Amino acid sequence: MKHITIAIDGFSSTGKSTVAKQLARHLGYVYVDSGAMYRAVTFYAMQEGYITKHHFNKDGLIANLKNITISFKFNESLGFAEVYLNGENIENQIRTLEVSSFVSKVAEVSEVRQKLVEQQQVFGKHGGVIMDGRDIGTVVFPNADLKLFMTASAETRAKRRFSELIERGETVTYDAVLKNVEERDYIDTNREDSPLVKATDAIEIDNSNMTLQEQFNKILELVNSIN
Ligand code: CDP
Ligand code: CDP
């Protein structure tokens, strides 16, 4: 079986990372969470004061991008790679609603995208990679062997994300999560650089009414059909 490249794009909370992790385990592939990289840059910008509630010092962040090193380290017990910022494990700290509320603004910045896309392309150099995000099939791996585009209604997605955040112990309301999901959908699809669009050769999967198992089975079938 050849080691293919699988690009999974789509809206927030459509189950991209869940199915990507399942597939990576099943196929023995590497999974790369590109969203975690944008979240890591956002976390850095918050820590360094380039982002506050009322201001985003974009130029300050751009001037300091060279000081950001993002890496992934496989965690055996979790079964996936966690993200590190300048050597520090920040996997849990980047999943908060606060980081989610700023990340799409950071992801609009072309200099940020350029730095992260370069690193993502290195990760995918040898195939056997599953990467999820917003521009994987369009920009990062335009020649990916399989491209998926995941959708589901905003309400379904917000319910899923709300449950996740509550499970993590965050104090959030469903309305705040829905607002964040809708805001990110808007910014991600309308930005100038690498907007979220379905690649012409991507297969669209609406999983509003699919269980995780159904979604995994369907995608595995697609993988097997090209392998
Ligand atoms: O997990 P969730 O779907 O909420 O988001 P994520 O995959 O962690 O991505 C967080 C944000 O990063 C997105 O809303 C986008 O603004 C940005 N992103 C991007 O612009 N391009 C990517 N390839 C991945 C994420
Ligand atoms: O990576 P992305 O933001 O697209 O979504 P995710 O983090 O994989 O999934 C968000 C949440 O939705 C997780 O808690 C999944 O278990 C859940 N989900 C679900 O219940 N049913 C699906 N068909 C897809 C995702």
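A residue counts as near a molecule if its C-beta atom, placed from the backbone, lies within 6 Å of it. Keep that cut-off in mind for both ligands. The model is predicted: local features need pLDDT of at least 70, side-chain atom pairs count only at pLDDT 80 or more, and totals for chains, interfaces and linings use all residues. Residues are numbered from 1 along each chain as its sequence is written, and chains are lettered from A and ligands numbered from 1 in the order in which they are written.

**Ligand 2.** Select ligand 2 and its shell. 15 residues surround ligand 2, and G15, K16, S17, T18 and R160 are the closest. Now colour the helices (DSSP runs of H or I, at least four residues, numbered from the N terminus). α1 (16-27), α7 (154-167) and α9 (212-226) each supply at least two shell residues. α1 gives the most, with 3.

**Ligand 1.** Move to ligand 1. It has 15 residues around it, of which S12, G35, Y38, A107 and G133 come nearest. α2, α4 (97-106) and α8 (174-190) give two or more residues each to this shell. α2 gives the most, with 4.

**Helix α2.** Select residues 34-47. The 14 residues of α2 should span 20 Å at 1.5 Å a residue (1.5 Å times one less than the number of residues). The end C-alpha atoms are 20 Å apart, which agrees. 12 of the 14 residues are buried, so α2 is largely enclosed by the rest of the structure. Buried means 20 or more other C-beta atoms within 10 Å of the residue's own, with C-beta atoms placed from the backbone. Among the buried residues are G35 and Y38.
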